[in-house]
Amino acid sequence: MSYTIYLVEDEKNLNELLTMYLKNEGWSVTSCLTGTDAKNLINRPPHLWILDIMLPDIDGYQLIREIKEATPEIPVIFISARDADIDRVLGLELGSDDYISKPFLPRELVIRVQKLLSRTYTEETNALTNLPPYHIDEQLRIAYLNGEEVNLTSKEFDLLQLFLHNQGQAFSREQILTNLWGPDYFGTDRVVDDLVRRLRKKMPDLKLETIYGFGYRMLKG
């Protein structure tokens, strides 16, 4: 399984060395030398952050606060030249899942990453589902086209997921309402048509079929 990792380390040589070790494991690695660069990636979450505390521009503690506020489910490993107990405790309180002190062997970091990814994800929940020409990451709730994220709202992704797991099955508008909004929803079923229209606009190559007078279904690939 190819995981995506963001490495934030301001020491250029160490950054390059760790990136090489991580890529050798088959993982996709995006490296940052500053907190500002890392901050720009928060809304495009990876499977794992590796985050240095001592950064030249943004404090690592501030960065993890923003990461966890946006994506609390994404694990973080802190790395630091400081080995004080208070740093470890503060890091854990802010949501880090592991802490490694410099100096360390790159292989030690690789082992910690392997264990954390194994604890956090499974092949079943994290595998990218192939829906040509799209790829769907259900763990992160992201759809990709040619490696680029398709910007879906939560409800649009819910609808995509409903069709994805029930390819070939016809759904009435009422059934879609119940699945996405719950049995107590009060309102017109035209919201379903609007949601389907938006999903089709963003993912025009989906094989979504309109069943006139009834509802919709996704044709099997």
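Trainee: What percentage of the residues in the protein is buried?
Mentor: Buried residues (under 20% relative accessible area with a 1.4 Å probe, protein chains only; exposed is over 50%, partly exposed in between) account for 44% of the 221 residues. The model is predicted, so local features need pLDDT of at least 70 and side-chain atom pairs pLDDT 80 or more, while totals for chains, interfaces and linings use all residues. Residues are numbered from 1 along each chain as its sequence is written, and side-chain values use heavy atoms, without hydrogens and water.

Trainee: And how many helices and strands are there?
Mentor: The protein has 9 helices and 12 strands, taken as DSSP runs (helices H or I, at least four residues; strands E, at least two) and numbered from the N terminus. Along its principal axes, the C-alpha trace spans about 65 × 35 × 30 Å.

Trainee: Changing topic, how many salt bridges does the whole structure have?
Mentor: The search finds 17 salt bridges, each being a side-chain nitrogen of Lys or Arg within 4 Å of a carboxyl oxygen of Asp or Glu. One of them joins Asp-52 to Lys-102, with the closest N and O atoms 3.4 Å apart. Asp-52 lies in strand β3 (residues 48-52) and Lys-102 in the loop between β5 (98-101) and α5 (106-120), so the pair ties together parts 50 residues apart in sequence.

Trainee: Is Asp-52 buried or exposed?
Mentor: Asp-52 is buried, at 1% relative accessibility. Lys-102 is also buried, with a relative accessible area of 17%.

Trainee: Which residue forms a salt bridge with Lys-68?
Mentor: The partner of Lys-68 is Asp-97, and their closest N and O atoms are 3.8 Å apart. Lys-68 is in helix α3 and Asp-97 in the loop between α4 (85-93) and β5, so that distant parts of the chain, 29 residues apart, are linked. Lys-68 is buried, with a relative accessible area of 14%, whereas Asp-97 is partly exposed at 34%.

Trainee: What about Arg-112: with which residue does it form a salt bridge?
Mentor: Arg-112 pairs with Asp-98, the closest N and O atoms being 2.8 Å apart. Arg-112 is partly exposed, at 26% relative accessibility.

Trainee: Which residues are linked in a network of salt bridges?
Mentor: Such a network links Glu-156, Asp-194, Arg-197, Arg-198 and Lys-202.
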